[in-house]
Amino acid sequence: MTTVDRNREVRVDAAQARQVAEEARESRWDRPSFGKELFLGRLRLDLIDPMPDGQSSPQGEAFLERLREFCETEVDGRQIERDARIPDAVINGLKDIGAFGIKIPAEYGGLGLPAVYYHRALMLVATANPSIGALLSAHQSIGVPQPVKMFGTAEQKRQFLPRCVREITAFLLTEPDVGSDPARLATSAVPSADGRSYTLNGVKLWTTNGVLADLLVVVARVPRSERHRGGVTAFVVEGDADGITVENRNSFLGLRGIENGVTRLHDVVVPAENRIGREGEGLKIALTTLNTGRLSLPAMCAAAAKWCLLIAREWSAQRVQWGRPIGEHEAISDKVSFIAATAFALEAVLELSGRLADADRHDIRIEAALAKLYASEMSWLVADELVQIRGGRGYETADSLAARGERGVPAEQLLRDLRINRIFEGSSEIMKLLIAREAVDAHLSVAGDIIDPKADLSRKARAAARAGGFYARWLPTLVAGKGQLPGGFGEYGPLAEHLRFVERASRRIARQTFYGMSRWQGRLEHRQLFLGRIVDIGAELYAMSASCVHARSAGQDPSAVELADAFCRQARRRVETLFRQLWHNTDAADRGLAQRVLDGRYSWLEEGILDASSDGPWIAESTPGPSQHDNVRRTVPRT
């Protein structure tokens with residue numbers, strides 16, 4: 001049962017949280033998901049090969065040239081790092097060349113470019129300074145343009161999209177005590193008696209771009225009443241509206257130029273016509289927006305991996321130890337090989353996912369989530385290996401290197417900047433649960449009532465009949481397939497053996513999921529480590545498939561095939577390890593140990609140290625009410 005305590009914290013149980021997420025799911029596509037088919041044991045290469053046509057655009061190419069020139073001549077990434085601020089001149093310059101309207105349709109004043117060009121633009125700016133990538137992606141991927149474009153009325157599009165070409169926007173969802181469980185959202189939006197407006201009250205945390213945004217998307221809860229269906233709802237709100245206070249500009253390990261803050265809304269009146277969609281559709285709007293928005297992170301991760309390859313190649317050939325360039329020593333060549341192969345794979349995953357998004361015919365929830373998960377995890381490993389290859393110079397700042405006369409390589413900065421991607425827009429752990437839920441959806445849809453303790457005997461009987469029919473058809477398909485034929489996928493030449501492996505592994509992952517479902521039934525959702533390994537295997541298989549298709553789309557260029565082959569060989573080792581760990585692990589022992597830690601059994605182990613933390617609550621107080629802080633909102637003078 002949902003309850004609200006005197007601090008107005010919304011409390012929901014697990015079933016209610018799942019129901020909210022389920023109601024937010026989208027099902028409008030006319031082609032199935034490649035990723036979902038992969039988890040069901042079906043390698044549907046026909047869904048991705050040939051890749052959906054890339055939309056070549058002279059306007060897009062011209063924009064990328066302007067953007068490259070601007071970044072090379074007007075952006076000082078090290079200054080942004082030192083000042084922890086993107087200069088006003090840079091922000092206005094980006095506006096002038098159209099960088100804030102890349103995806104906004106031309107009829108509203110934007111460039112109207114497809115996702116592939118948007119991703120390439122993010123790759124450019126992120127290598128100039130990642131905080132610029134965060135500025136542009138928070139604005140266009142999850143800020144006002146995307147939800148209004150997808151769910152707004154014709155009037156809302158005419159009113160807001162032209163402004164978004166030159167104004168900055170932000171997305172306000174997270175709250176101090178609400179992260180990946182939006183069913184507990186506490187910010188309220190109370191409708192007026194005449195229905196013409198809503199009054200918003202609440203506190204939003206980690207509002208990327210929120211410190212300087214002109215327009216906001218605010219997600220709040222409308223109370224249910226006789227005339228209002230209520231529920232989580234999205235609104236477009238003016239950034240300088242009465243009652244909005246930016247109480248703090250947050251500072252982070254990396255992305256020092258990011259304008260991320262804490263925003264309090266106190267009696268903020270929003271016209272009813274600023275509501276996006278119907279009441280109760282806010283979570284669906286938020287999650288659908290995030291599905292596409294997640295592809296911005298793989299773009300910046302792929303760019304980071306490509307830069308790491310550049311530095312690793314040049315440094316490993318230049319630096320000599322024991323009479324040879326360090327790149328010729330196995331301990332280093334292994335790392336260089338990993339960086340090169342992974343950079344190729346991340347670009348392949350990005351290119352494929354972007355083209356699927358542009359086609360707008362495919363259900364890409366799983367692909368977008370896999371791309372975000374895989375790119376954020378692998379790019380972090382790539383950057384870590386680059387720091388190791390650089391040795392002490394990898395740990396030294398670029399300014400310090402330059403001050404003593406060496407090339408200022410910001411490897412340590414990249415490592416700090418990339419770390420957030422494993423948390424941004426859904427942490428890796430949440431991504432795995434989200435993907436796992438989609439991966440087992442077929443099982444839950446046919447067998448849900450069997451494992452539902454609330455289902456009566458008649459519902460269980462009907463579910464058993466449905467499940468029997470489904471599994472009678474499905475299980476035999478997992479026994480044998482094209483991956484067992486010596487000549488299978490021969491059209492891929494030397495990459496065929498890897499696709500045969502993917503096909504076999506796809507059927508194997510489907511069987512393991514079925515075994516897990518059979519063993520734990522409804523308790524499977526609590527076996528998060530098991531499900532996480534299933535997802536990790538699927539991510540590797542998706543990256544292998546994308547790499548082979550990407551290499552083939554390059555006309556079987558020998559160098560592309562070599563990189564795809566190297567990546568697949570490395571990925572296969574990781575996949576085999578993950579399969580072994582599904583059933584041979586220390587999960588049960590680790591759960592027990594963790595519980596004893598939480599119970600304080602080992603608190604003696606913490607003796608003999610000092611705690612450098614400052615005093616204060618673990619989670620800041622966020623009771624609605626007037627702000628007690630100065631407004632630190634930043635205004636960028638318009639040109």
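**Cavity and pocket linings**

User: Which helix gives the most to the lining of the largest cavity?

Analyst: Helices here are DSSP runs (H or I, at least four residues), numbered from the N terminus. A cavity is a set of points on a 1 Å grid over the protein atoms alone where a 1.4 Å probe fits but cannot get out, and lining residues have an atom within 4 Å of a point. With 3 residues, the top contributor is helix 8 (residues 145–151).

User: What should I know about the model and its numbering?

Analyst: Residues are numbered from 1 along each chain as its sequence is written, and side-chain values use heavy atoms, without hydrogens and water. Local features need pLDDT of at least 70 and side-chain atom pairs 80 or more, while totals for chains, interfaces and linings use all residues, since this is a predicted model.

User: What volume does the largest cavity have?

Analyst: Grid points are joined across faces, edges and corners, and a volume is the space filled by probe spheres set on the points. The count of cavities of 30 Å³ or more is 1. The largest cavity has about 30 Å³.

User: Which residues line the largest cavity?

Analyst: By class, its lining has 2 nonpolar, 2 polar and 2 charged residues. Nonpolar means Ala, Val, Leu, Ile, Met, Phe, Trp, Tyr, Cys and Pro; charged means Asp, Glu, Lys and Arg; the others, Gly among them, are polar. The lining residues are Lys103, Ile104, Gln140, Pro145, Gln146 and Lys149.

User: Which helix gives the largest share of the lining of the second largest pocket?

Analyst: A pocket is an open set with protein on both sides within 12 Å along at least five of seven lines. The second largest pocket has a volume of about 1,000 Å³ and is lined by 43 residues. With 8 residues, the largest share comes from helix 6.

Conventions:
Helices (H or I, at least four residues) and strands (E, at least two) are DSSP runs, numbered from the N terminus.
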